[in-house]
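Please have a look at it first, and then I will go through it part by part.

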Amino acid sequence: MPLTTSEPAAASGKLKRFLGQLIWAAVAVVAAFSLGAMAVNRGEHINSAWLVLAAVCTYMIGFRFYARFIAARVMALDNQRATPAERLENGHDFEPTNKWILFGHHFAAIAGPGPLVGPVLAAQFGYLPGTLWIIIGAVVGGAVQDFVILFASMRRDGKSLGKMAREEIGKLGGFVALLTVLLIMIILLAVVALVVVNALAGSPWGTFTIAATMPIALFMGWYLRYRRPGKVLECSAIGFVLVLAAIFAGQWVAQSHTWAPVFTLSAVALAFAITLYGFLASALPVWLLLAPRDYLSTFVKLGVIFLLAAGIVFVRPELELPAFTRFTDGNGPIFAGKIFPFCFITIACGAISGFHSLISSGTTPKMITKEWHAWPVGYGAMLLESLVAVMAMIAACVMHPGVYFAVNSPAGIVGGTPAAAVATISSWGFPVSVAEMQQLAHTVGEQTLFYRTGGAPSLALGMAHIFAHSGGGRAVIGFWYHFAIMFEALFILTVIDAGTRVGRFMLQDVLGHVHPALGRTSWMPGVLMTSGAVVVAWGYFLYQGVRDPLGGINSLWPLFGIANQLLATIALCVATTILIKMHRARYIWITGLPLLWLVTVTFTAAWQKIFSPMPRIGFLAQARQLQATLGSGARIAETQALIFNARLDAVVCGVFMILVAIILVDSLRIWAGIFAGSRTSQVLEAPFVLSRLSTEEA
Amino acid sequence: MTRLRMFRSLMLALLRELADEAAYQRHLAAKDCAHSPDEWRKFSDERLRAKYFRPKCC
């Protein structure tokens with residue numbers, strides 16, 4: 001029988017489908033094999049390529065099948081439906097944007113210091129638990145959260161998470177969301193400031209470089225405002241060259257007998273300096289300091305992430321840290337607590353971050369051209385963020401374990417002298433010597449690398465190691481170390497100044513109801529007062545962290561992790577409510593399972609942080625232990641302050657638990673009402689309008 | 001070669017978007033006015049006010 005013209009085309013289509021299935025099957029096999037190679041390897045060094053391969057292949061499978069299933073079956077994305085960007089296009093917020101540009105824009109907005117610092121700290125358990133959670137958590141949790149919230153906001157004219165919480169769950173939900181964001185910001189700002197303080201304390205090179213970024217930012221602000229208005233890229237390029245020059249000059253400063261002491265600051269002095277900086281950045285005109293630094297920081301951030309990825313692919317370093325360390329038992333020197341729940345709390349943003357839901361319901365939904373673009377933008381960008389977290393884990397694990405623990409352990413745990421520290425760390429089975437640490441410190445241009453808690457110095461060491469092996473060798477390792485420190489500090493400071501400003505606005509918003517003048521952003525006394533209040537709030541926690549004999553990170557990072565996961569819990573409650581109202585209850589597990597997991601993790605971690613009888617974990621036990629030492633008469637005022645701080649941390653943790661409980665109970669009430677039929681499940685989406693943009697145009 | 005050019009132009013467009021330069025061009029087009037230092041300052045003030053009302057991600 002003769003072939004019709006459509007038969008060869010059908011045969012070719014079948015062949016293409018078969019080849020496609022074959023390729024995806026191969027990707028799945030590689031993902032499974034790489035994960036297996038990572039998981040079963042014991043006693044030998046593993047190459048970082050396995051981690052990258054496992055991550056990338058798992059992401060590909062998750063993106064192609066799981067996310068596509070969610071997009072098509074659960075959300076029923078529809079390119080015929082006009083998005084808010086098309087319907088409400090105004091040349092400002094609402095603007096149809098090319099999907100890859102929006103992908104980059106969204107990724108730049110969600111990529112913060114969390115996915116870099118969290119994995120470095122979690123590496124104390126070994127590379128395996130953290131890496132597995134980063135990969136799996138992102139595919140089934142973090143990316144799903146970002147995607148569903150982006151979809152929900154896009155269908156609601158770009159409404160914020162708070163507004164959606166208020167409309168979908170109730171007024172209480174909206175208020176809790178606002179309060180949570182404010183509380184998280186205070187803890188977040190304190191903890192990231194502590195990371196910078198610990199990275200710069202006693203480091204004239206690093207301190208000079210970061211100090212130099214202030215006048216550079218001011219110059220950029222002036223240049224952009226008056227010299228070459230509108231030339232942001234040009235201005236940022238000049239700023240970048242000046243920052244590079246500052247890194248080179250920093251080496252000279254560190255070697256100068258005159259200038260080195262000027263820039264050698266204690267942790268307390270640096271804490272005050274950063275607090276003052278936060279105040280100034282919040283109160284000064286935004287174009288002068290904040291905005292130019294933010295532009296520069298965004299470009300440097302993207303550039304360094306790209307460089308790190310290229311470096312890891314090129315060098316493919318061996319991981320020196322084992323798959324598991326002895327600290328899975330909960331006695332880790334960096335932070336105390338067992339893998340469950342503390343690994344998940346510590347990794348935070350690399351796997352699932354509540355803060356992303358603010359971005360997914362902020363600018364991004366207003367710029368999506370076609371509904372299906374939410375798939376790569378919402379889900380895909382989180383996968384890339386997760387890959388950044390895997391790279392941070394690799395950077396931490398390429399160091400010798402002894403060096404890693406010497407850098408990251410506080411004096412209160414390993415001993416107050418280098419000799420005591422190396423003896424303690426070596427006794428754990430991670431040999432390291434004072435000479436080795438001195439040599440390393442000398443190579444990177446630091447006076448010492450002991451007790452540099454917070455994750456930033458060890459991440460910088462790992463990055464410098466990878467960059468130096470890509471070219472230049474040991475001769476340039478000092479430059480790369482300080483380049484990495486500059487990169488981390490630069491965008492952490494951007495988070496601090498922008499965060500303080502946002503906190504100020506939130507406070508002004510609330511206080512404006514009490515006294516209208518306080519709500520006016522143009523009334524200087526109100527601006528100064530509210531800026532001061534926000535700075536004092538996070539500055540207090542920062543000071544507490546700096547004075548903490550256990551290094552501060554032990555207390556503050558878990559608090560931040562709990563707070564961040566709490567925000568994710570709120571986002572997933574909103575997402576689940578929306579799915580139920582959309583009559584997609586049979587798919588409730590998509591957001592319900594990550595929600596259940598997060599509630600379990602957050603509650604367990606918060607409970608342990610408050611009530612654990614181990615003083616290094618439980619705040620109340622720590623306060624009791626300190627109380628017992630009060631009778632000895634030594635350092636009474638200091639000990640009383642530590643007792644107060646431990647109790648304050650317990651209260652903050654308790655407040656977080658109560659907030660989770662409120663939002664959960666409120667959501668459960670709504671869900672039960674819908675299932676029982678006593679409540680209407682009204683979908684609050686914007687009405688359907690046929691898109692006039694063709695797919696090609698998009 | 002064409003793909004490389006496409007990639008380069010995409011990257012440049014992304015940088016312009018991140019730098020708010022693309023948004024400024026849209027602003028000029030929407031207002032049907034030409035670039036001037038005052039117009040940039042007006043645009044920048046509005047843009048930055050909105051931008052820093054939102055928290056930055058961690």
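This is a predicted model: local features need pLDDT of at least 70, side-chain atom pairs count only at pLDDT 80 or more; totals for chains, interfaces and linings use all residues.

As for the naming, residues are numbered from 1 along each chain as its sequence is written, and chains are lettered from A and ligands numbered from 1 in the order in which they are written.

Chain A has 27 helices and two strands, where helices (H or I, at least four residues) and strands (E, at least two) are DSSP runs numbered from the N terminus. Along the principal axes, its C-alpha atoms fill a box of roughly 90 × 70 × 60 Å. The radius of gyration of chain A is 26 Å, which agrees with the value near 26 Å for a compact globule of 698 residues; that radius is taken over C-alpha atoms, and the globule rule is 2.2 Å times the number of residues to the power 0.38. Of the 698 residues, 57% count as buried, and by that I mean that 20 or more other C-beta atoms, placed from the backbone, lie within 10 Å of a residue's own, with 12 or fewer making it exposed and anything in between partly exposed. Among the contacts in chain A with a separation of 6 or more, 81% come from residues 24 or more positions apart, a contact being two C-beta atoms, placed from the backbone, within 7 Å.

Let me now turn to helix α14 of chain A, residues 339-347, which is mostly covered, with eight of its nine residues buried. What covers the buried residues of α14(A)? The cover includes α5, α6, α16, α24 and α25 of chain A. Just after the helix, A:A348 takes a positive phi of about 45° although it is not a glycine, and with 31 C-beta neighbours inside 10 Å A:A348 counts as buried.

How do α5(A) and α14(A) lie relative to each other, parallel or antiparallel? Their axes come within 7 Å and cross at roughly 150°, axes being lines fitted to C-alpha atoms, for helices over the stretch in contact, with angles from 0 to 180 degrees between N-to-C directions. The two helices are therefore roughly antiparallel, on a scale where angles under 35 degrees count as roughly parallel, over 145 as roughly antiparallel, 65 to 115 as roughly perpendicular and the rest as oblique. In this contact A:G118, A:P119, A:L121 and A:A122 of α5(A) meet A:C343, A:T346 and A:I347 of α14(A).

A second pair is α10(A), residues 232-255, and α22(A), residues 477-511, whose axes come within 10 Å and cross at roughly 125°. That makes α10(A) oblique to α22(A). The residues in contact include A:V243 and A:I247 of α10(A) and A:F479 and A:H482 of α22(A).

Helix α7 of chain A, residues 161-168, has six of its eight residues buried, so it is largely enclosed by the rest of the structure. Its buried residues pack against α6, α8, α15 and α24 of chain A. In the loop between α6 and α7 sits A:D157, which has a positive phi of about 60° although it is not a glycine, and which is partly exposed, with 16 other C-beta atoms within 10 Å.

Another aspartate, A:D649, is found in helix α27 of chain A, residues 636-676. With 24 C-beta neighbours inside 10 Å, A:D649 counts as buried. A:D649 and A:L556 are 93 residues apart in sequence but 8.4 Å apart in space, C-alpha to C-alpha.

Finally, 43 residues of chain A are in contact with 28 residues of chain B. Helices that each supply at least two residues to that side of chain A include α4, α8, α10 and α22.
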